[in-house]
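Here are a few exercises to work through with the model open beside you. Try each task before you read its solution.

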Amino acid sequence: MKDSTTAAAGHHEARASGRPEADGPASHGLPGRGRPAQSGLVLPAAMVLSGIVSVQAGAGIAAKLFHEIPPAAVTGLRLWTSAVAIAVIAGRGLARAFGDLAQRRAWADAGIAVSFGITLLIMNFSIYQAFARIPLGVAVTIEFLGPLAVAVAGSRHLRDVIWVVLAATGVVLLTQGGDGHLDVIGVLFAALAGACWAAYIVLSSATGRRFPGSAGLAIAMVVAGILVTPPAIVAGGRAMFRPAVLATGAAIGILSSVIPYRLELEALRWMPMRLFGVWMSLEPAVAALIGLALLGQHLSVVEWLAIGCVMIACAGAAQH
């Protein structure tokens with residue numbers, strides 16, 4: 001999911017603040033502090049892998065929390081924590097961004113930020129609904145089709161057609177090769193999350209061009225946090241405000257957004273964007289392993305083969 005690690009948005013916004021540019025798996029280059037030697041990639045690679053594990057550990061904990069409160073309520077806790085954390089990171093830049101929007105009456109810019117926030121909300125809501133119905137690894141694999149679609153969109157290279165065919169093969173295997181019937185609603189929610197992830201990449205780029213630093217991302221997160229409040233409270237009621245549940249929700253937000261955002265942003269200062277895309281392709285496999293370790297979700301050999309197909313397709317598409 002970037003279920004939703006907010007790194008892609010932050011990387012686009014880095015462009016406006018003078019930091020190295022990066023925009024997630026669909027990007028094609030990274031101006032930075034110089035291309036590191038192969039041995040110098042160990043630390044950034046470790047950061048990316050740690051970020052992936054953090055995201056999927058947050059997803060696993062969220063899925064366990066569904067036994068106490070519904071997915072919509074968990075989405076609320078996740079987005080509230082993320083909004084507060086990103087607002088703190090943005091600092092005074094967030095207040096200045098709001099003031100600048102009002103002063104310039106930049107309704108188009110505001111509309112982009114609001115659309116970004118709505119996309120974040122739907123993406124998080126959808127993937128949690130998917131987690132509640134289908135295995136973690138399967139959901140994340142289907143979701144990964146979103147950034148893959150962005151990566152190959154408009155391409156005229158034959159190799160990208162191969163990646164699309166390979167990913168499609170993986171999807172067919174996922175839907176045909178499980179030990180039991182794969183919940184259709186869960187698959188549709190995962191696909192919706194993937195579509196939102198694709199929109200997320202596009203909107204994060206547009207937001208980064210219009211706002212300095214992390215301000216655009218912070219505005220989007222605040223919008224998502226506000227909009228999720230009514231459905232979250234209706235779904236969760238008093239149960240979601242129990243101290244243990246609140247603490248778990250905060251941990252999910254930190255693991256799924258704050259930690260990976262910082263790790264990936266720092267890693268992208270030192271590694272080429274295409275290599276970052278390859279490393280990010282490990283996410284479906286890590287999700288499947290987390291699902292097995294935390295939730296006891298066993299996948300069939302065919303499902304592992306399907307996940308491998310999509311991973312290879314995503315890694316290949318990142319090599320532009």
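Contact here means heavy atoms within 4.5 Å. Helices (H or I, at least four residues) and strands (E, at least two) are DSSP runs, numbered from the N terminus. This is a predicted model, in which local features need pLDDT of at least 70 and side-chain atom pairs count only at pLDDT 80 or more, while totals for chains, interfaces and linings use all residues. Residues are numbered from 1 along each chain as its sequence is written, and side-chain values use heavy atoms, with hydrogens and water left out.

**Exercise 1. Find the residues through which H7 and H9 meet, and describe their packing.**

Start with the residues: Gly146, Pro147 and Val150 of H7 meet Gly194, Trp197, Ala198 and Ile201 of H9.

Next, take the geometry, with axes as lines fitted to C-alpha atoms over the stretch in contact and angles running from 0 to 180 degrees between N-to-C directions. Helix H7 (residues 145–152) and helix H9 (residues 184–210) have axes 6 Å apart and pack at about 45°. H7 is therefore oblique to H9; the scale is under 35 degrees for roughly parallel, over 145 for roughly antiparallel, 65 to 115 for roughly perpendicular, and oblique for the rest.

Finally, the handedness: H7 passes H9 in a right-handed crossing. A crossing is right-handed if the near helix is turned clockwise from the far one by less than a right angle, and left-handed if anticlockwise.

**Exercise 2. Describe how H2 and H11 run relative to each other.**

The axes of helix H2 (residues 42–65) and helix H11 (residues 243–267) come within 8 Å and cross at roughly 160°. H2 is therefore roughly antiparallel to H11. The crossing of H2 over H11 is left-handed. Residues making this contact include Gly51, Ser54 and Gly58 of H2 and Ile259, Pro260 and Leu263 of H11.

**Exercise 3. Decide for Gly51 and for Ile259: buried or partly exposed?**

Gly51, in helix H2, counts as buried because its relative accessibility is 0%. Not counting residues up to four places away in sequence, Gly51 touches Pro260 and Leu263. Its C-alpha atom is 9.7 Å from that of Glu283, 232 residues away along the chain.

Ile259 sits in helix H11 and counts as partly exposed because its relative accessibility is 33%. Leaving aside neighbours within four places in sequence, Ile259 is in contact with Ser54 and Ile254.

**Exercise 4. Which residues touch the most other members of the largest nonpolar core?**

A nonpolar core is a set of buried Ala, Val, Leu, Ile, Met, Phe, Trp, Tyr and Cys residues joined through side-chain atoms within 4.5 Å. The largest has 78 residues, and Ile69, Val74, Leu120, Tyr128 and Phe131 touch the most other members. Another core, of five residues, lies apart from it, with Ala113, Ala215, Ile219 and Val223 among them.

**Exercise 5. Step back: how many helices and strands does the protein have?**

The protein has 14 helices and zero strands. Of its 320 residues, 55% count as buried. Among contacts between residues at least 6 apart in sequence, 87% join residues at least 24 apart.

Definitions and conventions:
Buried means under 20% relative accessible area, exposed over 50%, partly exposed in between (1.4 Å probe, protein chains only).
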